[in-house]
Amino acid sequence: MQDSRSHILHLIEDDDLEGVKLIESLKEYPLLRECYARPLGGRDNHTLEEHTLKAILCFESTFQGREELIFKPRHFKLLLALHDLGKPQAMLEGDPDKQHEYTLKIINEIAEDIRVSKGLWHQIIAVIDADSIGKYLNNKHNLPIEDSLKEIEKMAADLSVPVAILWPTLLTYYQCDAAGYESLRRKVFVTDEAGNAIYFKEVHGFRLKDESEAQRFDILRQRVKEFGKE
């Protein structure tokens, strides 16, 4: 496993890291290879690997280099590569709400082998464990806006970054994850005839198809902007 450790560490530090190469390298670990091969269920019938690659491709083709994130691009791709590792097991058990718990458990098992800084692991775990935007916009969770704002503010404090700096990272993460499912991309975002998501020129202004959800998101975005004025 030592050779795999050195290879992945070298790969993650490559500024030109491609998502496909990252996933192939992570699959050198039997545990991750098994995770990526498992089905996610749902109408898209994706395996975890298929969804993960679509999410990373969304970042590479749409967002990379356009926004100031708390991650370097290669580290954001690592975040996306790991973000749903526990979802197949949670879906198999019929309890999707456990996906973050299972994902973090798997990350803890492999963290020693994927030797990146403790600070980077801390950032990755914080983003995966929160999902403040998704839970706010998702009708199933319907997280109140005040709770969503508190989560975002708490995470910013925990990571020692201003909310204004953290916000583009959370928004990019939400969009890439959602766009990793074709059905969700078509349902959530305003799309062209081919079903490709249409975005404004800035990540802050992606377009939601549902008017009520768009209004709710605009309220959240405006409230986030007010953090820096307080």
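A residue is termed buried when its relative accessible area is under 20%, exposed when over 50%, and partly exposed in between (1.4 Å probe, protein chains only). By this rule, arginine 221 is buried, with a relative accessible area of 18%.

The structure is a predicted model, in which local features need pLDDT of at least 70 and side-chain atom pairs count only at pLDDT 80 or more, while totals for chains, interfaces and linings use all residues. Residues are numbered from 1 along each chain as its sequence is written, and side-chain values use heavy atoms, with hydrogens and water left out.

**Salt bridges**

A salt bridge is counted where a side-chain nitrogen of Lys or Arg lies within 4 Å of a carboxyl oxygen of Asp or Glu.

| Pair | N to O distance |
|---|---|
| Lysine 27 and glutamate 49 | 3.2 Å |
| Lysine 135 and glutamate 151 | 3.3 Å |
| Arginine 221 and aspartate 218 | 2.4 Å |

Helices (H or I, at least four residues) and strands (E, at least two) are DSSP runs numbered from the N terminus. Lysine 27 occupies the loop between α2 (19-26) and α3 (30-37), whereas glutamate 49 belongs to helix α4 (residues 48-63); the pair therefore ties together parts that are 22 residues apart in sequence. Lysine 27 is buried at 18% relative accessibility, and glutamate 49 is buried at 18%. Glu24 joins Lys27 and Glu49 in a network of salt bridges.

The salt bridge between glutamate 151 and lysine 135 has its closest N and O atoms 3.3 Å apart. This pair links distant parts of the chain, with glutamate 151 in helix α10 (residues 145-159) and lysine 135 in helix α9 (residues 132-137), 16 residues apart. Glutamate 151 is partly exposed, its relative accessible area being 27%.

Arginine 221 and aspartate 218 both lie in helix α13 (residues 211-225); because they are 3 residues apart, about one helical turn separates them. Aspartate 218 is partly exposed at 35% relative accessibility, while arginine 221 is buried.

**Cysteines**

A disulfide is a covalent bond between the sulfur atoms of two cysteines. With the criterion of a pair of cysteine sulfur atoms within 2.5 Å, the count is 0 disulfides. For cysteine 176, the closest cysteine sulfur is that of cysteine 58, at 4.1 Å, which is too far for a bond. Cysteine 176 is buried, with a relative accessible area of 0%. Cysteine 35 also counts as buried, at 7% relative accessibility.
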